[in-house]
2 protein chains.
Amino acid sequence: MTRKAIFYHAGCPICIDAERQFADKLDPIQYQVEIVHLGEAKNRIAEAEAAGVKSVPAFVIDGQAYHINFGADLTALK
Amino acid sequence: MTRKAIFYHAGCPICIDAERQFADKLDPIQYQVEIVHLGEAKNRIAEAEAAGVKSVPAFVIDGQAYHINFGADLTALK
């Protein structure tokens, strides 16, 4: 079954690199990936925070947050 | 072209979760994934360190380190 993976980013170089190396490379049979730019979609910051996202880039899969390296703190995007 | 992604871990719960959610879910057309348990293959710690790995779980792709959350510091595995 295809599950949903949300990739949160803010357009930073580390974010773009993580998008290229992970978000674009997940098996489409396993994951349906939604890419959310939190700098542009500030209304989605609360949902990311609620899932445990502290910084971007990060994935949320099955309600769990997975931070990939460190690009920017979520508080810097508010 | 299939590229190589190395997933370094140490058997910790966060490592196992990252393996399940990422290492096992990368598109096999895009990446050939090698899984390395640094607790068992201590001779590979130096290579991980040289690529910039500071903690596990982490991937190395194209010579770049990508840390996923934080399971254990590399120094704790020596």
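**Group meeting: aromatic pairs in a predicted model**

Hi everyone, let's begin with chain A, which has two helices and four strands. Please keep in mind that this is a predicted model. Following the sequence of chain A, the order of elements is β-α-β-α-β-β. Its radius of gyration is 11 Å, close to the 12 Å from the globule rule for 78 residues, so chain A is as compact as a globular protein of that length. Of those 78 residues, 51% are buried. If we take contacts in chain A between residues at least 6 apart in sequence, 62% of them join residues at least 24 apart.

Now to the rings. How many aromatic pairs are there over all chains? A search of the whole structure turns up seven. Take A:Phe7 and A:Phe59: their ring centres are 4.9 Å apart and their planes meet at 50 degrees, so we call the pair tilted. A:Phe7 sits in strand β1 (residues 3–9) and A:Phe59 in strand β3 (residues 55–61) of chain A, so this pair ties together parts 52 residues apart in sequence.

Over in chain B, B:Phe7 and B:Phe59 make a tilted pair, with 4.9 Å between centres and 50 degrees between planes. Here B:Phe7 belongs to strand β1 and B:Phe59 to strand β3 of chain B, 52 residues apart. Both B:Phe7 and B:Phe59 are buried.

To finish, these four Phe residues belong to one aromatic cluster, together with A:Phe22, A:Tyr66, B:Phe22 and B:Tyr66. Thanks, everyone!

Notes: Residues numbered from 1 in each chain as written. Chains lettered and ligands numbered in written order. Predicted model: local features only at pLDDT ≥ 70, side-chain atom pairs only at ≥ 80, totals over all residues. Heavy atoms only, no water. Phe/Tyr/Trp six-rings, centres within 6.5 Å; stacked < 30°, edge-to-face > 60°. Buried < 20%, exposed > 50% of the residue type's maximum accessible area, 1.4 Å probe, protein only. Rg over C-alpha atoms; globule rule 2.2 N^0.38 Å. Contact = heavy atoms within 4.5 Å.
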